[in-house]
Amino acid sequence: MEKKKLLALLLCLPILVLAQRKPTYQPMTTEETKEIEQTLYNRNISDFIITQAIPIGPISLTNVLNTISHNPIEGTRIRLSLETNNKFSKRLGLSGMVAYGTKDKEWKYSIGAAYNFAKKAKGVYAFPSSTLAIHYGYNTFIPSYSNYDVAYFSLGNWDRFYFGRKETSMLSFLQDFKMGISLRPFVSYEKTDSYLLYDKGEIIQLLAPFEYLENYAGGLSLSFSPVKDKGSKLNILNSRFYYFPSNINLTYSYNYQKYKTEQYYHYVYLSAQHRFYFRPMALDVRLMAGKIFGESYHYTYFSPNYRVGDISNMFGFNLYSEREMRFKEYAQTFLQFNFGGILLDNIFFLKQFKPNEFINLKTLFIQDYPPYMEVGVGIDHIFTLLGIEVVKRISSENPMNMPEWSLKIRCTL
C-alpha cells in the first residue's frame, strides 16, 4: 500500500512543480512589432486597391478614384459616393451618390438599400448571402466604357465616344449556395433622356430632344465562383499579380422597349475568367460574349471594352476605333501570360520591386467584320501599381485609321 502511495506521489510531482511556476510574459521585440504593423498596413492598402473604399466609422467613402474626373460633356465631374459598412449593420446596407458636372451644370445622383436575410449574416453581401437590393438613380453613362469617370482615364482622345443620361430603377435578389453558385433574378426600368455622340469636338444629338427611350427588363443571372475565392482578397503589395478572381457569369434578359415604336427583344450575355498558375508564372484568360435576339433601338450592352488614351486599358483594347456601336453579337477575349519575374529578378535593383513581365493578346469578333487583334508586351508591378506596355495592332484591315504601335502606362488600380 505504501508503495502505491509513493508511486502516485512520484507521478504527481511534475504537475505540482508546474503548478507552482508562475507564467512569464516576454514582450515582443521592436522588429516583431514593426513586422506586424507593416503586415496590417499592407493589408489595408491592398484592400483599398481592390475596393476603392475608405472606412470612416460606420460609413465608407467609396469609389475614391472616381471623385474628380473630366469628360467633354460634363466638363469637370465631381462625385461623392458613400455606403454603410459592417460597423453600421451586417444585414442592412445603405448607399448614395451625388455628382455634378461643371460644363453641363447637371446634378446626378443615386440611392440604394440592401438587406441580407441569411441566418448568420456576416455582411450585406458576405457569402453565403440572401440579399434583396433596390436601387434608383440618374446618371451619365458611356456604353463602351463603364468606368469612364476614373481620374487618370480622363486623359486621351474622346472622339467617337457615345454619352447618355438615364434614370434607372432596379430590384434584385441575390441567393448564394454553398457550392459557389449564385442566382440573381432582377427587374429594371431605364429611361434615357439624352444620347449624344462626341465627334471631333462636336456634339451630335442621337435622341430627338424632349423624347425618351424607355426600357423595361426582367431576367436572371447565374454565376459561379470557387468558394475559396469568395470574400478572399489578394495582398497586392506582396504579390506580382493584379487582382483577377475566377468566375463565370451567364445572364438572360427579356426586354420591352418603347421609343417611336414598341419593340420586344431578349439577349444572352456570358463572361468568364480564370488564372492558371505555373509557379512562378501564370496565364490569365478572360472571355466576354453576347447576342441579341430581335430588334432594339440601340445595342449598347454589346459594345467592345475599349478606351483609347494614354493609360493602358488592361482588359480592353488600346488601339481599336469602333466602326459602330450597334452590334447584335460580339465576342471579346483577353489572354495574358505573366512571367512572374523569371527574367528581371536577375537584376538586383529590379528584383526588390517584384516585377512581372507579361505578353498579352486581345481579340474582338463581330458579325460581318474581320477579327480585330492586338498584342501587348510590358512590365507590371513597378512601384507596386505602375507598369509600361508596348501595344501593336496585328489586324490586316484598318478602315478607321487606327495606329499600329503605341506606348502605354499601365495602372493596376
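The charged end of Lys166 sits over the ring of Phe141, 4.3 Å from the ring centre. For a charge to count as sitting over a ring, NZ of Lys or CZ of Arg has to be within 6 Å of the ring centre and within 35 degrees of the ring normal.

This is a predicted model, so local features need pLDDT of at least 70 and side-chain atom pairs count only at pLDDT 80 or more, while totals for chains, interfaces and linings use all residues. Residues are numbered from 1 along each chain as its sequence is written, and side-chain values use heavy atoms, with hydrogens and water left out.

Now for the overall picture. The protein has 3 helices and 19 strands; these are DSSP runs numbered from the N terminus, with helices being H or I of at least four residues and strands being E of at least two. Of its 413 residues, 41% are buried, where buried means under 20% relative accessible area, exposed means over 50%, and partly exposed is in between (1.4 Å probe, protein chains only).

In the largest nonpolar core there are 14 residues, and Ile142, Tyr145, Tyr152, Phe153, Trp158, Phe161 and Phe163 touch the most other members. Strand 8 (161–176) and strand 9 (181–199) each supply at least two residues of this core. Another core, of 11 residues, lies apart from it and includes Met288, Phe327, Tyr330 and Ile366. A nonpolar core here is a set of buried Ala, Val, Leu, Ile, Met, Phe, Trp, Tyr and Cys residues joined through side-chain atoms within 4.5 Å.

Strand 16 (residues 356–366) is mostly covered, with 8 of its 11 residues buried. On one hand, it pairs with strand 15 (residues 329–338) in the antiparallel sense over 9 bridges, and Ala331 has Phe365 of strand 16 as its bridge partner. On the other, 9 bridges join strand 16 to strand 17 (residues 372–382), again antiparallel, with Ile359 standing opposite Val377 in strand 17. Two strands pair if DSSP finds at least two bridges between them. The hairpin of strand 16 and strand 17 has 5 residues between the strands, and there Asp368 takes a positive phi near 70 degrees.

Asn356 is found in strand 16, and it counts as buried because its relative accessibility is 1%. Its side chain makes a polar contact with the side chain of Asn338 (3.0 Å) and reaches the backbone nitrogen of Gly340 at 2.9 Å. A polar contact is a pair of N or O atoms within 3.5 Å; within protein, one must be able to donate a hydrogen and the other to accept it, and residues adjacent in sequence count only if both atoms are side-chain atoms.

The side chain of Arg240 makes a polar contact with the side chain of Asp345 (2.7 Å), and one of its polar atoms lies 2.7 Å from the backbone oxygen of Pro355.

Finally, the rings. The whole structure holds 20 aromatic pairs, and one of them, Phe337 with Phe339, is edge-to-face at 5.1 Å centre to centre and 70 degrees between the planes. Rings of Phe, Tyr and Trp (its six-membered ring) pair if their centres lie within 6.5 Å; planes under 30 degrees apart count as stacked, over 60 as edge-to-face and the rest as tilted.
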